[in-house]
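Here is a short note to read beside the model. Please keep the sequence and the 3D view open as you go through the points.

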Amino acid sequence: MKTVENNPSSLILLFGATGDLAKRKLYPSLYNLFKKGHLSDRFAVIGVARRLKDDEEFRNWVKDSVETYGEEIDHLNEFISHFYYQSHDVTESESYKQLKTLVDELDHTYQLQGNRIFYLAMSPEFFGTVAEHLKEDGLTDTKGFKRLVIEKPFGHNLESAIKLNKRIRNSFKEEEVYRIDHYLGKEMVQNIEVIRFANAVFEPLWNNRYISNIQITSSETLGVEERARYYDKSGAIRDMVQNHMLQMVALLAMEPPIRLTTKEIRSEKVKVLRALRPIEDHEVHNYFVRGQYGEGTINGISVPAYREEPNVPHDSNTETFVAGKFLIDNFRWAGVPFYIRTGKRMEKKSTNIIVQFKDIPMNLYYKNGSSLNPNLLVIHVQPEEGITLHLNVKKTGEVMETTPVTLNFSTKNIDGINTPEAYEKLLFDCLRGDATNFTHWDEVALSWRFVDKISEAWANEKADFPNYSAGSMGPKCADELLERDGFFWWPVHF
Ligand code: NAD
């Protein structure tokens, strides 16, 4: 890991400055960093996009974003005074020449020592083009640090990801590329390693002798909203499994790193991804199932089927739901299934991880067919944040019977404040030069290699869609996947 600085000076060039991501997440996150004193006076932001006219209009845009999505607004005018706008077409060299003039000017005004962060918050089709232009037009030629922050998706499959990576790597070194997976900025995802490696009660049990299976659910109630054009080409497997779900599997399954450095943690995660049991074409359906929502009701409101959403073809074969089983072929995990499921228009919005421990060898309290509940460790990622441990205790009274109880920890109850937004933490990490919570190329490549097998098999077979109602927890085949192994999905809220 590089030396990290807590109050670094930098110019942030935000490509896609008028986009949805910038408005909802990036400006409020930068504002929070500013309020907490994590941005020194020596910072400036250049917004690059096509829609607006000048600095004033841009500053009002940023102000509106912070007022709409931020909290406890104070010193907002001082904050927005650091923002500058460049109307720019990312495909034209001339735009970069003008941009360079502004960059040099701000570098001097704010004494930024040539430090530059290029944040690509725009359509992925431009990622390669912008990276190339930045070098060709001299913007990466700086005496300070230069870092490229790149949004998802990183490619559409392994082949396109390799091509994109080559283009990027002509302009930036691997350690200068910060590939965003915003799940890695979430408080409870970052907590996985602390829960595991800072507690004597968990780590000794964290293996195939004591854990029977692990279930990760990431369910949304929203449909495709305005993203249909992108989503219909991607589907849930590319949009969620290749990145977020596999990253959570890697964090849950990795060996303790020898040190908490970027290199050591990434190296352990890569080992997990290398140990994923490959799936042959003919057995894909034994490991992964897909779904697409039909019409249904969510929170009392009728919603249309996926195929009826605007900009979705009426015969779309795109999955809006995936459930799957990963097997990790190493000593620690041999025989323990890691199940994942993720989908849109599901009953509840929730991301959680359930670690199910094996049944104890003998039930001393067996009576009239009663069974003991297995111990469960639930990691609530969102919307709640915390952990719940499910145990069995004696039922109060004269008879010796058991009853399940839970021990709860909720970050909200303890801290009394909302934990920082993932983007706030990731932006701060990037400013400080800490790439631990960003995805290394090796992880991207291994994830695509695994996922490509599944999406290729699915592309060759017309699915029987729709196969789950909006407002449900997914199709029947997802339940059958676990039933075949003698398990079932634990409810997401209990
Ligand atoms: P968007 O379509 O809302 O915004 C695109 C931005 O790019 C706009 O500012 C537009 O002016 C600019 N732009 C488009 N063409 C341009 C050109 N030729 N030259 C200069 N500027 C141009 O997109 P978004 O939803 O903000 O998404 C941005 C990126 O973030 C995408 O890669 C997306 O996959 C990723 N992402 C978005 C979200 C989200 O919540 N919106 C979440 C995760 C990841």
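**Notes on the ligand, a strand and the cysteines**

1. One of its nitrogen atoms is 3.0 Å from a polar backbone atom of valine 90. Taken alone, the ligand exposes 840 Å², and the protein buries 80% of that. Accessible areas come from the Shrake-Rupley method with a 1.4 Å probe; for residues, only the protein chains shown count as cover.

2. A word on the source. This is a predicted model: local features need pLDDT of at least 70, side-chain atom pairs count only at pLDDT 80 or more, and totals for chains, interfaces and linings use all residues. Residues are numbered from 1 along each chain as its sequence is written, and side-chain values use heavy atoms, with hydrogens and water left out.

3. An N or O atom in the side chain of threonine 18 is 2.6 Å from an oxygen atom of the ligand. For methionine 122, a backbone N or O atom lies 3.0 Å from a ligand oxygen.

4. Now the shell. Which residues come nearest to the ligand? They are Thr18, Asp20, Leu21, Arg24 and Lys152, out of 21 residues around the ligand (a residue is near if one of its heavy atoms lies within 4 Å). The shell divides into 11 nonpolar, 4 polar and 6 charged residues. Helix H1 (residues 20–35) gives the most to this shell, with 3 residues. Helices (H or I, at least four residues) and strands (E, at least two) are DSSP runs, numbered from the N terminus.

5. Turn to strand E14 (residues 350–357). 8 of its 8 residues are buried, so the strand is largely enclosed by the rest of the structure. Buried means under 20% relative accessible area, exposed over 50%, and partly exposed in between (1.4 Å probe, protein chains only). Both faces of E14 are covered, with Ile354 on one side and Ile353 on the other among the buried residues.

6. What pairs with E14? Strand E7 (residues 211–219) runs antiparallel to E14, joined by 8 bridges. Glutamine 215 has isoleucine 354 as its bridge partner in E14. Strand E15 (residues 376–382) also pairs with E14 in the antiparallel sense, over 6 bridges. There, isoleucine 353 is partnered by isoleucine 379. Two strands pair if DSSP finds at least two bridges between them.

7. Last, the cysteines. A disulfide is a covalent bond between the sulfur atoms of two cysteines. A search of the whole structure finds 0 disulfides (cysteine sulfur atoms within 2.5 Å). Cysteine 430 counts as buried at 2% relative accessibility. Cysteine 477 is partly exposed, at 22%.

Conventions
Polar contact = N/O pair within 3.5 Å; in protein donor to acceptor, adjacent residues only side chain to side chain. Nonpolar A, V, L, I, M, F, W, Y, C, P; charged D, E, K, R; others polar.
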